[in-house]
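Hi everyone, thanks for making time this morning.

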Amino acid sequence: MWRARIQQCLLDPLPNGLPPGWRMLLDGLGYTLVISVLAVALGVVLGTVLAVLRMSRRGWLRWPARLYADLIRGTPVLVQLFIVNFIVFASVQADKWLVATIAFGLNSAAYVSEIVRAGIQSVNPGQMDAARSLGMPGALAMREIILPQAFRNILPALGNEFVVLLKETSVVGFIGGMDLMRMGDIIRSMTYEAYVPLLSVAAIYLVLTLGLSALLQRLEGRLGWGRER
Amino acid sequence: MSLALHASVPAGPGPMVKIVDLHVKFGRHEVLKGIHLEVAPREVLSIVGPSGSGKSTLLHCVNRLQTAHRGHIWIEGVDILAPGVDVNRLRRKVGMVFQHFNLFENKTVLDNVILAPVKLGLLPRAAAVARGLDLLRQLGLAAKAQAWPHNLSGGQKQRVAIARALAMDPDLMLFDEPTSALDPEMVKDVLDAMKDLARGGMTMMVVTHEMGFAREVSNRMVFLDEGLIVEDAPPEWFFNRPQNPRTKAFLEKIL
Ligand SMILES: Nc1ncnc2c1ncn2[C@@H]1O[C@H](COP(=O)(O)OP(=O)(O)O)[C@@H](O)[C@H]1O
Ligand SMILES: [Mg+2]
């Protein structure tokens, strides 16, 4: 009974000339990983810029960054995805993976900016004093001293952000993205079988998120210059 | 250990540092209430005083880590509180050593020392490395060049901090309680390094509680109390014949 279901959902070619389910899931997984990785990269770059702006002494640099974070964090990611897809990209032809990457990257930036800000504040102020006392301009001190230490301190939080994002991208099917979740759903509708495709999808997400957390923990131990503990 | 240091003596007979009527406020709280002070080239000035009297604040004004509320500071004749002063250029010539070392945690010992000269374009990397290693050797840290700060003892950290400041070839060195965070057995190494520096002709302003060091090494001592300099004398006078009763009381407590 279960073997037949697995055979039908994952191993045999699907109706309408579609490849077998495992192949569909693999493609979907690739899609999910690409948009998650690119979005988190975009989020970290933009989020870092936002964090630095938010800590600026100049008010006119601070408030737009703050407003941005408030807007993003105060609205659902699906609404943002739709806005980017149906408004920003309304008259522009773009691949859905690109639209999704931009939407999730913009979303992630707001959360990452909070994380980076906390990270910057976690660095001992004496580090900045020392850099300044040597005549280093603020931007140089930020780049060489403060941000590397901030990132070391927030690595777990950033890893967690990636895990969150990986799961959140499962809604890109709504705008026509062909991610892991969407593929599972296609298999479900083709085979009228819910258990195998959906549990497979869940298992793959779980392996990814748990594996990632473990990887990050090992990475953290590797950085030679960690704080004394 | 010997630090053959060539503190470049400024042209002319003017003071290295001249401070006139310096006031600093934190909110309503006035911490410095009109400091007048001159430091001559090659002079070693010790600044002593009770905790909270404004010693750190005074040092921080000299390299503008702290902004003054009122007053003037000239360094080598340049009014450093004037608008439009290039603060970073000023700071290159004024080295600072902190109580808690503040070594860059994400850089090795050698990188701590060469970072600023290289990134500020003052020296090519190879020359900075050669000079950095030389400084570390003079401070007895040759073997630690590739170590991470968190693997060093406090005394080693503070000597790295001194090397880092010296790598900028400063004309003036500020020390803010450089031995206060050290275990007693580490204090001597750091004080010896500072003595060598003083003998090499470096101009130094040293906030310290090490009275032995102050007496032996400094040319002049000032006593800072509640934001004012109330005693300013050579060490023999300062210790043997303090004029101000509060200096007397302080010395009785501490000696
Ligand atoms: N950044 C600051 N903000 C507010 N108050 C400060 C700050 N730095 C120092 N103070 C206050 O100024 C006074 C003098 O401090 P400080 O110069 O550190 O004294 P000292 O080094 O002589 O112990 C203290 O009362 C301290 O609490
Ligand atoms: Mg102090």
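This is a predicted model: local features need pLDDT of at least 70, side-chain atom pairs count only at pLDDT 80 or more; totals for chains, interfaces and linings use all residues.

Let me begin with what I mean by a pocket: on a 1 Å grid over the protein atoms alone, it is an open set of points with protein on both sides within 12 Å along at least five of seven lines, where a lining residue has an atom within 4 Å of a point. Grid points are joined across faces, edges and corners, and a volume is the space filled by probe spheres set on the points.

Residues are numbered from 1 along each chain as its sequence is written, chains are lettered from A and ligands numbered from 1 in the order in which they are written, and side-chain values use heavy atoms, with hydrogens and water left out.

So, how big is the volume of the largest pocket? About 1,000 Å³. Its lining has 25 residues, and A:M55, A:R57, A:M128, A:G138 and A:M142 lie nearest the centre. Helix 5 (96-122), helix 6 (125-133) and helix 7 (138-168) of chain A are the elements that give two or more residues to this lining; helices here are DSSP runs of H or I with at least four residues, strands are runs of E with at least two, and both are numbered from the N terminus. Helix 7 of chain A gives the most, with six.

Now over to ligand 1. Around it, counting residues with a heavy atom within 4 Å, we find B:F26, B:H29, B:V31, B:P50 and the run B:S51, B:G52, B:S53, B:G54, B:K55, B:S56 and B:T57. Strand 2 (29-39) and helix 1 (55-62) of chain B each supply at least two residues of that shell, and helix 1 of chain B gives the most, with three.

Which distances bring oxygen atoms of ligand 1 to the protein? A backbone N or O atom of B:S53 lies 3.3 Å from one, a backbone N or O atom of B:G54 lies 3.0 Å from one, and a side-chain N or O atom of B:T57 is 2.5 Å from one.

Last, chain B itself: nine helices and 10 strands. Its C-alpha atoms fill a box of roughly 50 × 45 × 35 Å along the principal axes. Thanks, folks!

Methods: A polar contact is a pair of N or O atoms within 3.5 Å; within protein, one must be able to donate a hydrogen and the other to accept it, and residues adjacent in sequence count only if both atoms are side-chain atoms. On a 1 Å grid over the protein atoms alone, a cavity is a set of points where a 1.4 Å probe fits but cannot get out, and a pocket is an open set with protein on both sides within 12 Å along at least five of seven lines; lining residues have an atom within 4 Å of a point.
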